[in-house]
Amino acid sequence: MRGCVRRSSTMLAAAVAIAAALPVVAAPQRVVSMNLCSDQLAMMLAAPGQLLSVSSLAQDPRLSPMADEAAAYVPNSGRAEEIYLMRPDLVIAGTYTPPATLSMLRRLGIRVETPPPAEDFDAIRTEITRMGRLLGREEGARDLLARFDADLAAATRPADRGRAALYSANGYTSGTKTLAGAILEAAGYDNIAADYGIAVTAGLPLELLVMARPDRLVTGTNWPGQSRSEAILSHPALAAAAPVKTRVRDLFWTCGTPLVTRAIRSLE
Amino acid sequence: MKALFIALSLLVAVLFATSLLTGPAGLPVVQSLLDLVFGGDGPVPIVMREIRLPRAILGLAVGAGLGLTGAALQGYLRNPLAEPGLLGISGMAAFGAVLAIQTGLSLVAVLALPLAALLGAAAGVGLLVVLAGPRGGSVTLILAGVAISALAGAGTALVLNLSPNPYAANEIIFWLMGSLADRSMLHVWLALPPMILGAGLILSTQRALDALTLGEAAAQALGLAGPSLRWRLVAGTALIVGPATAVAGAIGFVGLVVPHVLRPWIGARPSVLLPASALGGAALLLAADIGVRLIVPDRDLKLGVLTAIVGAPLFLHLIWRTRSGGRV
Amino acid sequence: MVIDLAGLSVTRRKRPVLHGVTLSIGKGEFVGLIGPNGAGKSSLMEAMLGLIPFTGRSSLAQMTPADRARHAAYLPQAREIAWPVSVEDLVALGRIPWPGGRRSGADRAAIDAAIARMGLEPFRKRTALRLSGGEQNRALIARALAQDTPLLIADEPIAGLDPAQQLACLRLFRDLAVEGRTVLASIHDLGLAARFCSRLVLLSGGHVLADGPAAEVLQDTLLRRAFGIGVRRVETPDGPAILPV
């Protein structure tokens, strides 16, 4: 028994070594994506039949702007076992995928790529190109990139619309170096997070938000089932803090994909 | 004794004002107090009236309520280890509140939240009084408290984990440790009226608690330890601990530490200990709430962390004293 | 009558404890309640005060709890002092049934009189829990005296006391009776009971076996039936001494 395992792992190691030594000649034919954001880019770029499975989150209409498209794929819940059984030749995960799962898949000889989340528009361009290269669909990626640049140029507004605050559950705000911050900036707003030197996503006490006197407050829609974390979004002080309040932070704000232009437009 | 009450009242007043003046915005003292009273334009009145005022009022009320119920439970059970947090009454209240929130009842009727917490607290204190009775010893009391706490904690965790809301599961810590961050005047109006009613009921037991110093039979013979005492105590505790937990989470040890510290100062009389513990509890919780804002200003450190750091060693000390047969 | 019981029966945990006890005690009597352990002495006291459920009639239990507390003071067998209160505060608990909340002149006078009578003046400000057992007992009796009731019911008041304290306690009860109050106390020491009480009630198996002056109650046959032992009566200049044999 033990010998058998050892032999198979030896063979596996050999196979991996050979695969690594050979140049990548053909595009992967059995691709599994296990991250909500890579799911969307993969669905936009993959050739018919090339993408086998997307994460189950991609099929959730509350989270995914492409839930309808995702319904055509096999959902996966991100466990190494189920993904291995799909016999993929490329797995696209995220940087937040549990490392144990990733190393398990790699030990099993599967090629695993973990593109980082895109936190600004340049990064989205990079990720479109990267996804095109991974799938062997460079041409499709160039088209998508061109469309995105055009959309973005059309959606971007000059920076004279005043000050806005992003606020979400547990009193978190998004700074200038986040995707949400970039969306806000593209829509023509100054982010009040900059007043307090917040560049990333960080907690901002309610009273500091009120003291910043934003012209517009941008929050998200609440999840079903209540939570105390979201209760801060209905605090009376928040209602009094800004003249305009919009609850538009939703699925278009989550991932760095060409769909962020919809998020920019939602602030019109 | 009068001097003690004056000192405690002054302490509470100073801490209340300090609580109003503590916050990340670092507002000017005079201006912020003027804006609090007279209002005005700009963000300062909003910060003072909508954010800091409810927090300070709740700190005062929840602390006073916990101190009062701690002293009353100790007097009734004649045991210095009794306390709503440790005995699982707060935990049961939190369980009730979580049920009201996750079933959506609190969206249908805003009063459902304090009411459900109140029912939870009533179930907890009722169970406790039946299990550990006025005749129950320390061991029965603590074991009953452990069992009720465990049950309530498990129920709370289960309900929050079953919630469709992704934030709910992380809120177990709030319900177990308590916090006053970002509460609004709505929470004050939800919690305060039942708490005042409960305080009235508890304060009506003063003479009976004094009589219980002589034991249950003697108190009964003095005409004071009938079923109505038990009823008033259970209802009063539930009316205070339920709504307090619904808006601030379960905060332990306040009701244990405060009566213990104040008892020698007021000659150990349970009737005098009640108002003294209410003042002491208010001071302790206001101080703890100022503390959490000063220690880690940008994070929501839970109140129960500070009260446990003060209270748990004292609790161990009390158990040690009980174990070695000494009177506390 | 200060106490008037008729057909009083008590059942505890489905076990009958008292069977139809009928008893009347008048003003100025010091009645000793004697009987073996488990005879129902404590149950009789609690039932006549209405502290436990019973059938039959008790004049005390018919009163409202507040009226009863101004009529009868009760010293339970367990001498409990739950909190480290001062002797003065402990004695003041006896004033709870009276209006005034220990502030009125009557309250102050009653508290001072009780403290003086029990010789507790030096201990007045001391913490009751730090006193010796005998001193604590005196403080608790002072509490009952401060209640200023025509009737005192005491459950084994001299148990655990040294001989001098026992004598002092019973002497006090006899004096109270002489002053016109009524005392009912359960006592295990038959000799002391015979010496100090104006009347003895022998309880056995939930029945009143005998009721009357000491000489009538402490008969060999009755005692043998109640306790299962004989006694030897030795007349001394200070009264009869009774030795169980």
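**Chain contacts and domains in a predicted model**

Colleague: How many residues of chain A are in contact with chain B?

Modeller: This is a predicted model, in which local features need pLDDT of at least 70 and side-chain atom pairs count only at pLDDT 80 or more, while totals for chains, interfaces and linings use all residues. Residues are numbered from 1 along each chain as its sequence is written, and chains are lettered from A and ligands numbered from 1 in the order in which they are written. Two residues are in contact if their C-beta atoms, placed from the backbone, lie within 7 Å. With 25 residues of chain B, the number in contact from chain A is 24.

Colleague: Which element gives the largest share of the side of chain A that touches chain B?

Modeller: Helices (H or I, at least four residues) and strands (E, at least two) are DSSP runs, numbered from the N terminus. Two or more residues on this side come from each of α9 (206-211), α10 (228-231) and α11 (236-241) of chain A. The largest share, five residues, comes from α9(A).

Colleague: How many residues of the side of chain B that touches chain C are charged?

Modeller: Here 21 residues of chain B are in contact with 22 residues of chain C. Ala, Val, Leu, Ile, Met, Phe, Trp, Tyr, Cys and Pro count as nonpolar, Asp, Glu, Lys and Arg as charged, and the others, Gly among them, as polar. The side of chain B has ten nonpolar and six polar residues, and its charged residues number five.

Colleague: What distance separates the centres of the two domains of chain C?

Modeller: The bounds come from an automatic or database domain assignment. Domain 1 of chain C covers 1-77 + 155-165 + 181-245, and domain 2 covers 82-151. Taken over C-alpha atoms, their centres are separated by 25 Å.

Colleague: Which element of domain 1 of chain C gives the largest share of the side that touches domain 2?

Modeller: The contact takes 15 residues from domain 1 of chain C and 13 residues from domain 2. On the domain 1 side, α2 (65-71) and β5 (72-75) of chain C each give two or more residues. The largest share, four residues, comes from α2(C).

Colleague: What is the radius of gyration of chain C?

Modeller: Chain C has nine helices and eleven strands. The radius of gyration is taken over C-alpha atoms, and the globule rule is 2.2 Å times the number of residues to the power 0.38. For 245 residues this rule gives 18 Å, and chain C comes close to it, so the chain is as compact as a globular protein of that length, with a radius of gyration of 18 Å.
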